[in-house]
Amino acid sequence: MKTVSRNWAASVQVALSLLGLPYSAGSSGICSKNAINRIPSLCSSTSVYMSPVAHIKARCPVYPGSDTRRFSVPDDKVDWEIDWPQYNPVNYTAPAVLKKPVWADPEIGAFSPQFNSLDGSVDRRSHDDPYRIQNGKPLNPHGRTGLEGRGLLGRWGPNHAADPIVTRWKRDSEGQNVHHTTSQLPMLQFVSIKRLDCGEWAIPGGMVDPGERISQTLEREFSEEAMNSLQASASERENIQKRITKLFSSEGLQVYKGYVDDPRNTDNAWMETVAVNFHDELGNSVSELPLQAGDDAGQVSWIDVDSSLDLYANHLHFLETVAKERNAHW
């Protein structure tokens, strides 16, 4: 699999100051329903910077899906290396997680997880460097979040996800590539789903199941969310699976692997992902299949790749990498 190394460690402070915003600006929640021409806020999807210094969304004042307010963490106190005796994070784990579903760990003390290693079928290794353990609990490698416990996340430590970015060239009625009128570069389209939880458009994706390879997750999530294969007839399912397998057996372009600045993150649990681009170069694979929304997707569509898009989480950054690697319009 081809890998793209990309440095997204831009200065958050400088970026926000150019917008005239304080670093603590914004509202809470997983994502915003107002997805057009808005100024980036602390918790908006456009505010995600993959900075190794200070995460932003992981410090949203109110934890998503609850009324729980985080202990406020200023920029200069995020790093664990900074001594801060006054730090008193709120402890919160969502009731749904405490009900012990199959995808969630028990509470620390009720079991002995093997952190920074493959723990049975559960991979507790980070995509980045090994993380620290304090008082038997893993510490978020990007620093304090103002909230301890697991929140909405099932695993202590890294919670692994995978995001398949499926693209094709935009073509006219005669099958010719469409070029952007300004850049004169060919235009890409990608499969996007409209999330039911917040109404924002996003790349299909989901959690890696225990014992599952990343490649399996990428293919499964695309099938479930974009192709609605879970509700297809036997013949339809077979046709869908053949085309998806053909595309996903090609060499993918890995555009990102690592920590995700996600509002669900806590001091002891956080999101990590692997984003891989699968490109239907000739337009004769999944490009020809009618898209249907499934799983947690409200709508699904081919959408033009463009820098003006406003997408969930840090998905816009993934698309920028794809467009530039494929010499397409951005």
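A residue counts as exposed when its relative accessible area is over 50%. Keep that cut-off handy, and remember while you click around that this model is predicted.

**Stop 1: two residues on the outside**

Select Q184, in the loop between β8 and β9. Its relative accessible area is 52%, so Q184 is exposed. Check its backbone too: phi of Q184 is near 65°, a positive value in a residue that isn't glycine.

Now jump to N327, in the segment that follows α5 (315–325). What is its phi near? The answer is 55°, again positive in a residue other than glycine. N327 has 52% relative accessibility, so it counts as exposed.

**Stop 2: helix α4**

Next, select residues 234–248, which make up helix α4.

Colour I240, I244, L247 and F248, and you have buried residues of α4. They share one side of the helix, because the arc they cover around the axis is only 85°. Then turn to the other side of α4, where A234, S235, K242 and K246 are exposed.

**Stop 3: strand β13**

Select residues 269–280 for strand β13. Buried or exposed, how do its residues come out? 12 of the 12 are buried, so the rest of the structure largely encloses this strand.

In a regular strand, side chains alternate between the two faces of the sheet. Show one side of β13 with A269, M271, T273, A275, N277 and H279, then the other with W270, E272, V274, V276, F278 and D280; both faces are covered.

Strand β8 (residues 157–169) runs parallel to β13, joined to it by 12 bridges; look for P164 opposite V276. Strand β12 (residues 253–260) pairs with β13 in the antiparallel sense, over seven bridges. Here, Y259 has E272 as its bridge partner.

**Stop 4: the largest pocket**

Last, select H160, A161, G206, M207 and M271: of the 49 residues lining the largest pocket, these lie nearest its centre. The volume of this pocket is about 1,100 Å³.

Which elements should you show around it? Those that each supply at least two lining residues are α2 (95–98), β4 (122–123), β8, β9 (188–195), β11 (206–207), α3 (214–225) and β13. Colour the lining by class and you'll get 20 nonpolar, 12 polar and 17 charged residues.

Methods: Residues are numbered from 1 along each chain as its sequence is written. This is a predicted model: local features need pLDDT of at least 70, side-chain atom pairs count only at pLDDT 80 or more; totals for chains, interfaces and linings use all residues. Side-chain values use heavy atoms; hydrogens and water are left out. Helices (H or I, at least four residues) and strands (E, at least two) are DSSP runs, numbered from the N terminus. The expected span of a helix is 1.5 Å times one less than its number of residues. Buried means under 20% relative accessible area, exposed over 50%, partly exposed in between (1.4 Å probe, protein chains only). The arc is that of the directions from the helix axis to the C-beta atoms. Two strands pair if DSSP finds at least two bridges between them. On a 1 Å grid over the protein atoms alone, a cavity is a set of points where a 1.4 Å probe fits but cannot get out, and a pocket is an open set with protein on both sides within 12 Å along at least five of seven lines; lining residues have an atom within 4 Å of a point. Grid points are joined across faces, edges and corners, and a volume is the space filled by probe spheres set on the points. Ala, Val, Leu, Ile, Met, Phe, Trp, Tyr, Cys and Pro count as nonpolar, Asp, Glu, Lys and Arg as charged, and the others, Gly among them, as polar.
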